[in-house]
Amino acid sequence: RAKHGSRFIALDRWDRNGALVDLPALAGRRAYGGLDLGSTSDLTALSWIVPDAERGGYDAVWRFWMPEAAMDRLDARTQRNASAWVKDGLITLTPGDVTDYDFVKAQIREDLEFFDVAAVGYDRWNASQLVIDLESEGAPMVKVGQGFASMSAPLKEVERLVLSGSAKSPLLRHGGNLVARWMVDNLRVGLDASGNVKPDKAKSMDKIDGISSLVTAMAVAMGAEAPK
């Protein structure tokens, strides 16, 4: 795949927003989710963003999964950082060659109990059995297109929050999650003739699933908060 273009979000700006996220303090708070299922042999990402009326902006929480069989490949591509991410609990390994979505489903069920979840966005072209199962249990799943029309405004909002935030007043507080940081570094975007942007997996340097899931969550949040 051709790799070109520059980073959409500079790492120093991203790092400025890396305030710690006090997860227990987010219990019962309104949250918007984004799910990026990818292929079953690779990373799966779930993002939660929790708006904060007092501080402004959002607290962001990520969950990542991957099959054990993909571990060596990811380790090779990340200077063996992936092993440390698994050890630190940032990535959950599932047994075998493909991601076991039962692990994902169990975590989403827990998170639905923990947060006051408004909705969980997912790629409308990737409505797997996982999504069907969750919907049948009453989970508030929402289709989100991954093209320019759906992705541009939320991706630009993520960029705006990161650029506007500072170490003193961060607006996209992400706790310095190292997997998400690696994906921000990888992120390259597609641009159309009208200046719209979207995450571009083909142009990106490596995995961006966590950022795609973040943008999907932001799309859900912006849809919910838009004037009716």
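Which residues in helix 7 are buried? In helix 7 (residues 178-186), Val-179, Ala-180, Trp-182, Met-183, Val-184 and Asn-186 are buried, where buried means under 20% relative accessible area, exposed means over 50%, and partly exposed lies in between (1.4 Å probe, protein chains only). The structure is a predicted model, in which local features need pLDDT of at least 70 and side-chain atom pairs count only at pLDDT 80 or more, while totals for chains, interfaces and linings use all residues. Residues are numbered from 1 along each chain as its sequence is written, and side-chain values use heavy atoms, with hydrogens and water left out. Helices (H or I, at least four residues) and strands (E, at least two) are DSSP runs, numbered from the N terminus.

**Helix 7**

- The N-terminal end of helix 7 is capped by Asn-177, which has a side-chain oxygen 3.0 Å from the backbone nitrogen of Val-179.
- Asp-185 is partly exposed, at 23% relative accessibility.

- Strand 1 (residues 30-36) runs antiparallel to strand 2, and five bridges join them; two strands pair if DSSP finds at least two bridges between them.
- Gly-33 has Trp-48 in strand 2 as its bridge partner.
- Strand 3 (residues 58-67) pairs with strand 2 in the antiparallel sense over eight bridges, and Ala-60 in strand 3 stands opposite Ile-49.
- Strands 2 and 3 form a hairpin with six residues between them, and Gly-56 in the turn has a positive phi of about 80 degrees.

- Asp-209 belongs to helix 8 (residues 209-225) and is buried, with a relative accessible area of 3%.
- Leaving aside residues up to four places away in sequence, Asp-209 touches Asp-36, Gly-38, Leu-43, Ala-45, Met-183 and Lys-201; contact means heavy atoms within 4.5 Å.
- The C-alpha atoms of Asp-209 and Asn-81 are separated by 17 Å, and these residues are 128 places apart along the chain.
- Thr-216 is also placed in helix 8, and its relative accessible area of 1% makes it buried.
- Among the residues that Thr-216 touches are Gly-33, Gly-34, Leu-35, Tyr-122 and Met-151.

**Salt bridges**

- The structure holds 14 salt bridges, a salt bridge being a side-chain nitrogen of Lys or Arg within 4 Å of a carboxyl oxygen of Asp or Glu.
- One of them joins the side chains of Arg-7 and Asp-185 (2.3 Å, N to O). This pair links distant parts of the chain, 178 residues apart: Arg-7 is in the segment before helix 1 (11-16), and Asp-185 is in helix 7. Arg-7 counts as partly exposed, at 44% relative accessibility.
- Arg-29 and Asp-52 form a salt bridge whose closest N and O atoms are 3.9 Å apart. Asp-52 lies in the loop between strand 2 and strand 3, and Arg-29 in the loop between helix 1 and strand 1, 23 residues apart. Asp-52 counts as buried at 14% relative accessibility, whereas Arg-29 is partly exposed at 26%.
- In the salt bridge of Arg-63 with Asp-111, the closest N and O atoms are 2.8 Å apart. Arg-63 lies in strand 3 and Asp-111 in helix 4 (residues 101-114), so the pair ties together parts that are 48 residues apart in sequence. Arg-63 is buried at 17% relative accessible area, and Asp-111 is buried at 2%.
- A network of salt bridges links Asp-102, Lys-105 and Asp-133.

Definitions and conventions: Polar contact = N/O pair within 3.5 Å; in protein donor to acceptor, adjacent residues only side chain to side chain.
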